[in-house]
Amino acid sequence: MNKWFWLSILIITTWSCTNNRFRIDETIHVRHQGADIPVYVHGNSENKTFLVVTHGAGSFGLVYRDAAFTEVLEENYVIVYFDQRGQSMFEGQYDKPENQFELMTKDLVALTEVLQYRYGDDISLFLMGHSWGGLLSGNSLLDQTHQSKYKGWINIAGALNLEEISQERKELIIEICGSFKTQSEFNEQWEEVESKTLLLDAEDSETYDLVLEQASEVIKLLGKEEVVTSGITGEKLYRAMIENNPIHWLISDEVTRPIEAALKEGIDLTMEVENIKIPSLFIYGKYDVSVPPRMGQKAFENLGSEDKQIEIFENSIHHPFDSESDKFGDLLVEFIEARR
Amino acid sequence: MLFIGVNGQTPDSLRYIGVSYLGNNIWNPGISLSMDNKIQAFKNLSFFNNSFIHIEANAHWDIGNRTLLATAIGWKKYRSSLKKWSRSFTLKPLGITRSFSPKTYTINENGNVEEPTGFEGRFYYNPSIEISILRKYKDAGYFRLAFEMSALYPYNYYTIPLIHLKVGYLFSYPCKKKNDE
């Protein structure tokens, strides 16, 4: 009886080790131009396929690490989350950069170099950017040498035209209000948002925050209408409060705010994306009043890639990976599998 | 090491040694070791009454990210007499912290990647202030609950605050003995 017990233990232990042989779970840092980029690498390396996730404004890398990312993507690929310059756990000692956006773009290039160095030149790399990260990742791909390292670009609600973002938001807010106000029990509230938004001159930079305020009201009303359902998962809360340092996150974002400088500069990649030739997948939420899908559509039409695809998620606002997690995971696996 | 005075009374000690759990943001785990040496000079000045030179060494781990080691020297003042419940205030202007991120790959000036040495990290100037509540435990020492706020500078191109909670024990070592009556 004893020998069968120990044999079972041996078999189970061997099976466990074999199963986890390709699993990577580690944190590395990339030291570049006076700073250390924390890079969180998690997933299955069996296919040697890596997906680099570029987070949104005011966010941090690990916020994406739940739902579709952990349940689907990490099961199939290695997901690389990182904190951008001056965000969350990013650490360094450098003078305030004159052009933070360009420096952040170079950080992404440096990160790619290190990934290939550490995990091998033969890995298949895909680049994903969400919101501000879409702009940052797209900008990095304009460097042809850097672009050649990637097999695909996944742009999720990428804010590719900061010059016209406020106007696009205003138009979408009015459109959504118009479609709900006649049939909703909250019609008075929809009408109020619509009338306030109509009064705003979106081309006036002074009204940028006011348009955003109305966008927030639309998001609240969409929640009441139960058009979009998503919440903060326990896993996301854990990442934000425990694995991330919330004080670092809040203070760094308050101080650095790279998007403000980029807005002032009016960065617009709508035409420049014609230089991006790699297979690309654009995903936007139908009700995304933060980054309206029409903005993505315009850039998509100019995209240089012949292999390109755009998907509008019908029940999503700005975080389709949260609100339509299953669909998101399936779409990404389908895209990556066909091109890795 | 532990003083038990005549008639079971514990007079003020000349030295305290502290061992505490240090929780950065409460849950980032760490440890704090400290030593307080009573300032003997200027006894007549109330400012220096129950004042101590405070030295400490801390370590904590940012979960899944980096380790930070810190050391500080400062001035600590206890409440006028150490009763069952007491409190203290510590000012630590001389503090230094070193972060450790052992798997750091460096992009050098030529654009090439360099292997980690295992000792990559950064030094920060780290002044802090601390307030604590103490409760006497028999005659052996004091339970201690402390709240510390500090700053890391320069962090990127600004300053980052750190908040620590410390829960631990303060041993009196050694103590003066009262003369027998």
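**Backbone geometry, helix packing and cavities in a predicted model**

Ala157(A) is placed in the loop between β7 (150–156) and α6 (165–181) of chain A, where helices (H or I, at least four residues) and strands (E, at least two) are DSSP runs numbered from the N terminus. Phi of Ala157(A) is near 50 degrees, a positive value in a residue other than glycine. The model is predicted: local features need pLDDT of at least 70, side-chain atom pairs count only at pLDDT 80 or more, and totals for chains, interfaces and linings use all residues. Residues are numbered from 1 along each chain as its sequence is written, chains are lettered from A and ligands numbered from 1 in the order in which they are written, and side-chain values use heavy atoms, with hydrogens and water left out.

In chain B, the peptide bond from Tyr153(B) to Pro154(B) is cis, with omega near -10 degrees. Pro154(B) lies in strand β10 (residues 141–155) of chain B.

Two helix pairs of chain A were examined. Helix α2 (residues 67–76) of chain A packs against helix α14 (residues 325–337) of chain A at an angle of about 25 degrees, with their axes 9 Å apart; axes are lines fitted to C-alpha atoms, for helices over the stretch in contact, and angles run from 0 to 180 degrees between N-to-C directions. This makes α2(A) roughly parallel to α14(A) (angles under 35 degrees count as roughly parallel, over 145 as roughly antiparallel, 65 to 115 as roughly perpendicular and the rest as oblique). Ala67(A), Ala68(A), Phe69(A), Val72(A), Leu73(A) and Asn76(A) in α2(A) meet Ser325(A), Phe328(A), Gly329(A), Leu332(A) and Val333(A) in α14(A), contact meaning heavy atoms within 4.5 Å.

Helix α3 (residues 100–119) of chain A and helix α4 (residues 132–141) of chain A pack at about 70 degrees, with axes 9 Å apart. The helices α3(A) and α4(A) are therefore roughly perpendicular to each other. From α3(A), Phe101(A), Glu102(A), Met104(A), Thr105(A) and Leu108(A) meet residues of α4(A) including Trp132(A), Leu135(A) and Leu136(A).

A search of the whole structure gives four cavities of 30 Å³ or more. On a 1 Å grid over the protein atoms alone, a cavity is a set of points where a 1.4 Å probe fits but cannot get out, and lining residues have an atom within 4 Å of a point. The largest cavity has a volume of about 110 Å³, a volume being the space filled by probe spheres set on the points, which are joined across faces, edges and corners. Its lining comprises 15 residues, of which Asn58(B), Ala70(B), Thr97(B), Asn126(B) and His164(B) lie nearest the centre of the largest cavity.

Notes: 1 Å grid on protein atoms, 1.4 Å probe; cavity = no way out; pocket = protein on both sides within 12 Å on 5 of 7 lines; lining within 4 Å.
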